[in-house]
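Here is a quick tour of a predicted model, with an eye on ring pairs and how the strands line up. Have the viewer open as you read.

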Amino acid sequence: MRTLLLVAAVAALPVGCGPLLSRLPGAAPARAITIETDGAASQMQIRIPARGADTRVSLVARNDDVETWLAVDNISVSFRQGVLVATRGLGHDLMGAGAETTLDALAGQGDEIYRRQMRYLTGDHRTTYLNAGCSMASVGAEAFGALRLQRHEESCQARDHLFTNIFWTDGAGRIVRSQQWVSPEVGFLVTILPR
């Protein structure tokens with residue numbers, strides 16, 4: 001049986017991996033949290049370039065093929081097979097997003113132009129949707145040290161927002177790195193998944 005333990009810790013993350021909220025104006029100091037799942041300490045590096053934020057997150061939950069990762073300041077990100085489907089704690093969060101059409105496009109299946117739906121909350125707590133028209137292009141191989149990964153670019157337009165998500169996959173088709181759009185206010189989330 002999987003047990004999730006949340007243990008308050010006094011130690012901060014390793015140097016260079018400070019909490020995301022410490023970069024936000026008026027943010028309260030964060031306390032470190034250590035997460036353990038099945039005795040494994042899975043971690044992922046994430047960055048938000050528009051905010052100059054860089055930290056590590058720990059795997060805290062799996063629900064079917066969706067994984068949720070948590071930072072020390074309680075910011076969380078959720079991925080379905082490596083495709084971003086939700087964020088919490090960033091201020092302008094992605095409340096939910098479909099991943100199926102992106103996963104199909106990465107596998108070379110589905111339509112040439114496909115739709116992705118992203119859900120947000122307005123300032124008055126109403127749900128609003130962005131429906132993006134997207135297309136996927138396989139750009140070629142890129143080297144990251146000893147790793148040789150395939151680069152895929154997902155070009156999308158939603159209303160007046162144009163953005164390009166980038167996915168780097170390994171030989172098994174697994175997303176190892178990515179740059180994925182969260183919202184107009186947050187911009188992109190960059191991830192380096194554990195191997």
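Start with Trp 168, which counts as buried because its relative accessibility is 11% (buried is under 20% relative accessible area, exposed over 50%, partly exposed in between, with a 1.4 Å probe and protein chains only). A search of the whole structure turns up two aromatic pairs. Trp 168 belongs to one of them: its ring centre and that of Phe 144 are 5.7 Å apart with the planes at 85°, so this pair is edge-to-face. For the cut-offs, rings of Phe, Tyr and Trp (its six-membered ring) pair if their centres lie within 6.5 Å, and planes under 30 degrees apart are stacked, over 60 edge-to-face, the rest tilted.

The two residues come from distant parts of the chain, 24 residues apart: Phe 144 sits in strand β10 (residues 127-144) and Trp 168 in strand β12 (residues 161-169). Strands here are DSSP runs of E with at least two residues, and helices are runs of H or I with at least four, numbered from the N terminus. Phe 144 has 23% relative accessibility, so it counts as partly exposed.

## The stacked pair

How are Phe 163 and Trp 181 arranged? They are stacked, at 4.2 Å centre to centre with 10° between the planes. Phe 163 is in β12 and Trp 181 in β13 (residues 175-183), 18 residues apart, so to speak a link between distant parts of the chain. Both Phe 163 and Trp 181 are buried.

## The sheet around them

Twelve strands make an open, antiparallel sheet, ordered β7-β6-β5-β4-β3-β14-β13-β12-β11-β10-β9-β8; two strands pair if DSSP finds at least two bridges between them. β7 (83-88) and β8 (96-97) are the edge strands, each with a single partner, so one side of each has no neighbour in the sheet.

Further in, β11 (residues 147-158) and β12 pair antiparallel over nine bridges. Arg 151 stands opposite Trp 168 of β12.

## Thr 164

Thr 164 also lies in β12, and it counts as partly exposed because its relative accessibility is 27%. Its C-alpha is 6.4 Å from that of Glu 153, eleven residues away along the chain. Leaving out residues up to four places away in sequence, Thr 164 touches Glu 153, Glu 154, Ser 155, Gln 179 and Phe 188 (contact means heavy atoms within 4.5 Å).

## Ground rules

Residues are numbered from 1 along each chain as its sequence is written, and side-chain values use heavy atoms, without hydrogens or water. In this predicted model, local features need pLDDT of at least 70 and side-chain atom pairs count only at 80 or more, while totals for chains, interfaces and linings use all residues.
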